[in-house]
Amino acid sequence: NHRRGDAVVSWCRRPADPAKPWDADQGWSGLPDFGRMVDPAVSRCHAACAGAFGQSAGRLAAGNAGAFSSSSTYAIDAGGVLDLNGFSHALSSVTNAGEIRIGDAANATFTTNNYVGNGGVIALSTYLGADGSASDRIVIDGGTATGTTTLSITNVGGPGALTTANGIQIVEAINGATTSADAFRLNAPVV
């Protein structure tokens, strides 16, 4: 692991050589086909990594929408945090044993083709109001969501109104996607 500010990069593999991990301590020069993954000055992830990315400890935060490469696969280990920082992202494939933080304003979307929960957490913000209130969302697009993941929902100022129809959608499967019955569960009642 390589600690740079608030971020710890466990490994980031180049597609041309998937067996060789990238070492963050090698510096940023000499990687023209790869670019830099983490900027130590601001602890932000850049979209240059198009291989496999792993976060084993610490927090890696997005600096803008699409900062995390949509063509990479992501593995978040226990102790690792992938923070979307309130920006919507579409990621190819995610395995989560740590934490994914979507945002704190109830308006960002975390989209992935395939998601595997290994006892991880996804933290979302929701305005707890009537049916259809604003919320961060998880979208499974065309693939599957399996395993087990705990959803931690924070109310961002909603009065806790009664929902009478379909409630507030926080997980959506689209384009033929499926979710296993145990894929997502609440960590506590949301009131």
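Two residues are taken to be in contact when heavy atoms lie within 4.5 Å. The structure is a predicted model, in which local features need pLDDT of at least 70 and side-chain atom pairs count only at pLDDT 80 or more, while totals for chains, interfaces and linings use all residues. Residues are numbered from 1 along each chain as its sequence is written, and side-chain values use heavy atoms, with hydrogens and water left out.

The protein chain contains 0 helices and 17 strands (DSSP runs numbered from the N terminus, helices being H or I of at least four residues and strands E of at least two). Of its 191 residues, 42% count as buried (under 20% relative accessible area with a 1.4 Å probe and protein chains only; exposed is over 50%, and partly exposed lies in between). Among contacts in the chain with a separation of 6 or more, 49% are accounted for by residues 24 or more positions apart.

Leaving aside neighbours within four places in sequence, I100 is in contact with I76, L82, L84, V94, F110, Y115, V121, I122 and A123.

D104 is located in the loop between strand 11 (99-101) and strand 12. This residue counts as exposed because its relative accessibility is 64%. Not counting residues up to four places away in sequence, D104 touches S125, D136 and V156. The C-alpha atoms of D104 and S125 are separated by 5.3 Å, although the two residues are 21 residues apart along the chain.

D104 also belongs to the lining of the second largest pocket, together with D83, N85, G86, R101, I102, G103, A123, L124, S125 and T154. A pocket is here an open set of points on a 1 Å grid over the protein atoms alone, where a 1.4 Å probe fits, with protein on both sides within 12 Å along at least five of seven lines; lining residues have an atom within 4 Å of a point. Strand 12 contributes the largest share of this lining, 3 residues.
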